[in-house]
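The entries follow in the order in which I looked things up.

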Amino acid sequence: MTILDVKDLSVDFVTETGTLQALRKVNLAVPANRIVGVVGESGCGKSTLINTVLGLLAENGAVTSGEILFEGQSDLVHLDANGMRALRGQKIATVFQDPMGALNPVLSVGRQMRDIQYRSALSRKEKDARSIEMLRKVRIPDPERRLAQFPHEFSGGMKQRIAIAMALLMQPSLLIADEPTTALDATLEVAIIELLKDLQQQIGCSVLFISHHLGVIAELCDDMIVMYAGEVVEHGSTRDIFHNARHPYTKKLLACDPARLSRREPQLPTIPGTLPDLRDRPKGCIFQARCEFTDEACAEMPPDIPVGGAHVTRCWHAGKTTGARA
Amino acid sequence: MSDQALVNQPPRRRFAAIGPIFRRIVREPLGAFGLILVVIVVFSALFADVIASYPPTKLSPAERFAPASFQHLLGTDHLGRDLFSRVLHGGRIALAIALGATGLSLAGGILLGLIAGYGPRWLDNLLLLLFDAIKSFPTVMLALALVTLTGPSLLAVLAVVVLVNVPGYARIIRTQTLVLKSAEHVMAARSMGAGTARILAVHILPNVIGPILILASMDIPVVVAIEAGLSFLGLGVRPPLPSWGAILNDGFVNIRDSYWIVVAGGVPIILTTLGFTFLGETLRDVFDPRLKRRQ
Amino acid sequence: MLQYALKRLGLSVVIVSVAMAMLFAMIYVIPGDPASVALGPRATPEMVQALRSRMGLDQPIWVQFARFYFSALRGDLGIEILSGRPVLGVVFEQLPFTLALIAGAISWSVLLGIPLGCVAAIRRGGFVDRVIGVLSVAVIAVPSFVIAIYSLLIFAVALQWLPAIGAGEPGNLGSQLKHLILPSLAIGVGWVGYIARMVRASMLETLEASHIRTARAFGLPESRITYSYALRIAILPTITLLGVGVGTMVSSAVFAEIVFARPGIGKLVYEAISVRNYPVVTGAVLVTTVFFVVVNAFADIIIAALDPRVRSSFS
């Protein structure tokens with residue numbers, strides 16, 4: 001079963017300087033029990049995607065087309081605020097990037113974990129017991145005592161573990177992890193990734209994992225999605241994309257990953273050009289201004305072209321790009 | 001923390017374009033309202049002699065406690081003096097003290113702030129301690145203590161206002177001076193052999209003066225209130241000089257029978273403080289939104 | 001935490017000491033010594049001389065200061081000139097009236113200011129927000145003694161809803177509270193404005209914080225997010241604001257006590273001035289200053305105790 005199925009999703013923001021097209025015809029699917037990575041530069045629409053799924057778009061943002069199917073039925077786009085709120089935290093849980101600021105500083109960890117279970121009929125004691133059990137699962141030592149403590153009494157890595165514990169507390173079917181390791185240093189990052197993988201298998205939920213760190217995606221994710229300027233340009237299994245990237249942007253992105261360079265370069269490679277202005281979106285292919293394959297065909301927006309199995313790419317030249325490494 | 005909001009701004013010319021700034025103030029309803037009030041108050045104080053039909057201290061025992069009429073627009077007080085004339089002339093005194101005291105406080109604050117910021121560490125600490133001590137007196141209590149010794153006078157009012165206002169300005173100037181001291185253009189000037197006085201006058205003062213002027217303009221209503229308050233207690237402006245506070249006191253004694261006297265004394269205070277506050281708030285928002293954090 | 005509290009109180013002692021030195025210097029520097037001030041213009045030189053030596057004014061200045069300082073530490077603020085009673089006793093007799101007034105003013109400002117600021121933040125940019133904003137500025141701008149006089153005129157003289165003068169019958173709490181309403185409102189109404197503005201600003205800031213986003217992402221009800229998660233943080237600066245505000249409230253209390261003919265420190269000092277009872281004036285200034293400094297210190301300590309973030313920055 002597909003847990004999250006996003007179809008043709010477009011989101012606009014109305015700003016003082018014009019309408020900003022943040023997402024354009026985004027398609028993606030998160031199957032049950034799988035970890036799907038989302039990768040892209042800052043400003044590519046990752047956060048807008050999450051906020052739209054969570055129903056937490058800013059007031060000036062609106063869905064202009066498409067649907068978001070959750071567990072195959074409810075369309076989150078048309079769900080009212082209360083219905084959406086009933087899903088958040090219960091069925092869809094989120095871990096955010098900044099562990100320092102993600103917890104309320106003046107409430108104890110126990111109080112915050114108890115509040116998340118406000119829909120449950122359990123007694124206060126039972127709720128606390130569940131919180132303790134969850135804290136133990138994320139390997140917080142001495143969780144009984146720690147429950148009464150405030151966020152500032154924990155280290156950054158511990159706070160992120162607590163955030164994960166909070167997210168998994170209600171056994172959600174979808175966990176959204178928004179760059180959960182970006183603010184942590186490398187050794188902590190590895191530990192959190194392993195923890196996530198471990199817990200995902202225990203609980204059996206799906207994960208939408210946002211990162212700009214290709215190494216982490218390769219390590220953790222079954223499938224991956226590459227986003228560029230508000231569009232999903234390539235979507236497939238992690239293996240397919242890493243070994244057989246078909247979209248010119250994906251190829252360049254992979255080529256720029258310092259961890260994948262075969263030899264020491266005097267300078268890190270970069271993609272020439274800049275992101276297009278989303279207020280004045282170019283007609284046709286979104287990547288044409290920076291792409292070496294651009295021709296007349298690119299003046300028209302390409303559809304999502306299947307290139308083998310579940311592997312799809314939004315490029316007219318997907319046939320030409322096989323094998324050729326950028 | 002609050003002072004920090006004022007610093008880190010590049011040197012720029014703040015008062016270059018009066019026209020656009022004026023338009024922005026007038027476009028804000030509150031700013032326009034404040035400006036109108038201030039213009040009325042300043043105008044009536046400047047032309048008090050022309051507008052008022054009676055001398056403010058002229059006694060006329062036959063017309064004691066007369067309510068408002070065409071002869072006496074705001075009525076008369078217990079000595080038969082024309083309240084309209086007294087209010088206009090009281091405005092002169094209120095504005096003169098407000099401007100004088102604010103100017104003196106500014107001068108003192110800038111001087112002490114530069115000394116604290118640019119001088120040796122021990123002097124800085126000593127001044128900060130003094131500022132804290134001054135701030136720890138409740139203002140009116142300090143004024144009462146001072147006036148007990150000197151006797152009521154305009155000078156005492158002035159002294160109190162300057163004493164309580166200087167620490168605020170000095171602290172802000174000090175913080176900005178400390179930051180600017182290590183700014184590149186100041187370091188460069190110093191390495192070129194510029195003397196302390198020159199660095200202070202050319203490189204530091206122009207950069208710290210803008211925000212402090214806005215804050216000072218917002219203190220004007222506070223000074224008006226202090227003067228009126230002390231005069232109300234009979235500790236400020238001496239009779240028979242007209243002061244809004246003194247008129248309030250005359251009226252307060254007779255509040256049960258002749259309410260118009262307290263109305264004549266209080267309404268100008270309200271209009272003046274509101275006018276300057278609304279204008280000052282708008283000025284601050286237009287010039288330097290960062291100052292807002294201080295509130 | 002304890003260490004911070006001690007440090008903060010230590011700073012208060014230093015500030016009060018410096019304030020005392022300034023007060024002493026003021027008495028010393030200003031021409032006309034306390035003895036002749038006390039006795040008035042018709043005193044003979046012999047009378048002045050006698051009082052001078054009784055008050056210790058013929059000693060060297062540092063001896064005078066040391067005596068002033070250490071007797072004040074012992075609670076000896078001198079002898080009231082008229083009745084010969086200790087000044088501290090006279091001041092303490094009046095202090096409860098002033099404290100009640102300030103407590104009343106704080107109640108008004110908190111009970112009205114926090115909800116108004118909260119509503120303004122929730123309705124930001126709307127009509128209600130703008131009205132609250134303009135009213136806040138207005139009540140901050142208008143001096144409290146003008147508000148005191150006009151509220152006396154309107155509610156006590158014209159409408160006769162509330163009593164005009166005095167502090168109420170001793171022992172009758174209802175009557176005392178009734179007498180407290182107008183004067184405390186006159187002092188507190190400006191602070192309603194200050195607190196409403198501050199709560200609005202800090203509420204808006206808090207609602208932007210990422211932990212609020214987390215709370216939303218966990219589907220907590222919006223009302224709980226606003227009142228339990230955000231307001232709890234947004235009202236913390238109120239304590240600091242009120243701590244600093246107590247100094248101004250003491251000043252306003254002087255006016256309120258005179259306008260409403262209430263007993264209290266302000267009225268005591270005001271009456272002492274007209275009979276040149278100088279020790280009472282100095283004593284009252286000292287007591288109110290110590291009160292203000294201590295309240296400030298406690299406000300800081302309370303903030304540190306309530307806000308785990310502040311607390312952690314000291315340990």
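**Chain contacts**

I count two residues as in contact if their C-beta atoms, placed from the backbone, lie within 7 Å. The model is predicted, so I note that local features need pLDDT of at least 70 and side-chain atom pairs count only at pLDDT 80 or more, whereas totals for chains, interfaces and linings use all residues. Residues are numbered from 1 along each chain as its sequence is written, and chains are lettered from A and ligands numbered from 1 in the order in which they are written.

Two pairs of chains are in contact, and of these chains B and C share the most contacts. I find 40 residues from chain B and 44 residues from chain C in that contact.

On the side of chain B that touches chain C, the elements giving two or more residues are α5 (121-136), α6 (139-150), α9 (196-232), α10 (244-253) and α11 (259-287) of chain B. Helices (H or I, at least four residues) and strands (E, at least two) are DSSP runs, numbered from the N terminus. With 11 residues, α6(B) gives the largest share of this side. I sorted the residues of this side of chain B into 28 nonpolar, nine polar and three charged. Here Ala, Val, Leu, Ile, Met, Phe, Trp, Tyr, Cys and Pro count as nonpolar, Asp, Glu, Lys and Arg as charged, and the others, Gly among them, as polar.

**Sheet in chain A**

I then traced an open sheet of four strands in chain A, with antiparallel pairing and the order β2-β1-β4-β5. Strands pair if DSSP finds at least two bridges between them. At the edges are β2 (18-31) and β5 (74-75) of chain A, each of which pairs on one side only.
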